Amino acid sequence: RHGVAVSEMAVSELPGRPSAVWTVRGRHDEPYDKYIVVSFTNATLVLSIGETVEEVTDSGFLATAPTLDVALLADNALLQVHGEGIRHVRGDLRISEWKTPGRKAIEKAAANERQVAAALAGGEVIYFELDASGALAELGTKELGVEVACLDVGVVPAGRARAPFLALGGWDGSLRLLSLAPDELLVQVATMQLGARAESVRFCASPDGRLGVAAGLANGVLQRAAVDASTGQLGDARARFLGSRAVRLFRVDVGGAPGLLALSSRAWLCYA
């Protein structure tokens, strides 16, 4: 069986079962990650990476709530999305906080270095971009009419100001693509029925620049489709059964090229 060898480098006991984990650099010009961010059901633990891995309390992250997403923004500020808002931590530890309207909670979020999308309870999606002053500007909202199970904004293509589309997996088993172009902001450009609820969705680019989207489904199937870079239309859909557990997807680098790690009852690597 074709496989990729994995070397275990270190083991660290955690105070509970984590719900998610991220690694993030402190600046774009740093060669290595600075923090490991571990989210639990009621708290967030931030670990610094150095000669040893140890907990830190001066990262600017909110430790008393679970974290939904973490990103390093283009201006070297750190971003933390939690259930009650979005925390923007600048390099000098100045903190800006966006709070959710009313008593609604953020249930899912996705971010890259310039864009943030947050899905609130009830199916409302709010979209932000990093503006020229280094602030996160709220640019638009959209009521989908269906609860959002997962979403992704992809990565910003080289030489572009933003990723072109937002992908959303709904609890109704649908996959939707919304435009992020300023003149068509949050306009739905494509939809596809997946046959099951998506646990995870990720944009993926091939080394020759073609765009695709992958959805990891609750029934253990990985569904992939090609995305037309100009219109957002979906085509060439393919499905593969990966295992008995819901498929979760993570973008990784494989030999300097973009790839996808798909985790089910077994781990799979999708790469060119």
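A polar contact is a pair of N or O atoms within 3.5 Å, where, within protein, one atom must be able to donate a hydrogen and the other to accept it. In this predicted model, the side chains of Asp-152 and Arg-251 are joined by such a contact, at 2.8 Å. The Asp-152 side chain also reaches the backbone nitrogen of Gly-154, at 3.3 Å. Asp-152 belongs to strand β13, which covers residues 148-152. Its relative accessible area is 3%, and because buried means under 20%, Asp-152 counts as buried.

The next element to follow is a sheet. Strands β21, β22 and β23 form an open sheet in that order, with antiparallel pairing. β21 (248-254) and β23 are the edge strands; each has a single partner strand, so one side of each has no neighbour in the sheet. On average, neighbouring strands of this sheet are turned by 25° against each other, direction ignored. Strands of a sheet pair through backbone hydrogen bonds. Between β22 (residues 257-263) and β23 there are four bridges, and the two strands run antiparallel. Across this pair, Leu-261 stands opposite Leu-269 of β23.

Leu-269 leads on to the surface. Together with Val-4 and Tyr-271, Leu-269 forms a nonpolar surface patch, and the three residues have about 270 Å² of accessible area together. Tyr-271 lies in the segment after β23 (267-270). With a relative accessibility of 43%, Tyr-271 is classed as partly exposed, because that class lies between the 20% limit for buried and the 50% limit for exposed.

How values were computed. Residues are numbered from 1 along each chain as its sequence is written. This is a predicted model: local features need pLDDT of at least 70, side-chain atom pairs count only at pLDDT 80 or more; totals for chains, interfaces and linings use all residues. Side-chain values use heavy atoms; hydrogens and water are left out. Patches are made of residues with over 30% relative accessible area and no salt bridge: like charges are joined within 9 Å, nonpolar side chains (Val, Leu, Ile, Met, Phe, Trp, Tyr) within 5 Å. Accessible areas come from the Shrake-Rupley method with a 1.4 Å probe; for residues, only the protein chains shown count as cover. A salt bridge is a side-chain nitrogen of Lys or Arg within 4 Å of a carboxyl oxygen of Asp or Glu. Buried means under 20% relative accessible area, exposed over 50%, partly exposed in between (1.4 Å probe, protein chains only). Two strands pair if DSSP finds at least two bridges between them. Axes are lines fitted to C-alpha atoms, for helices over the stretch in contact, and angles run from 0 to 180 degrees between N-to-C directions.
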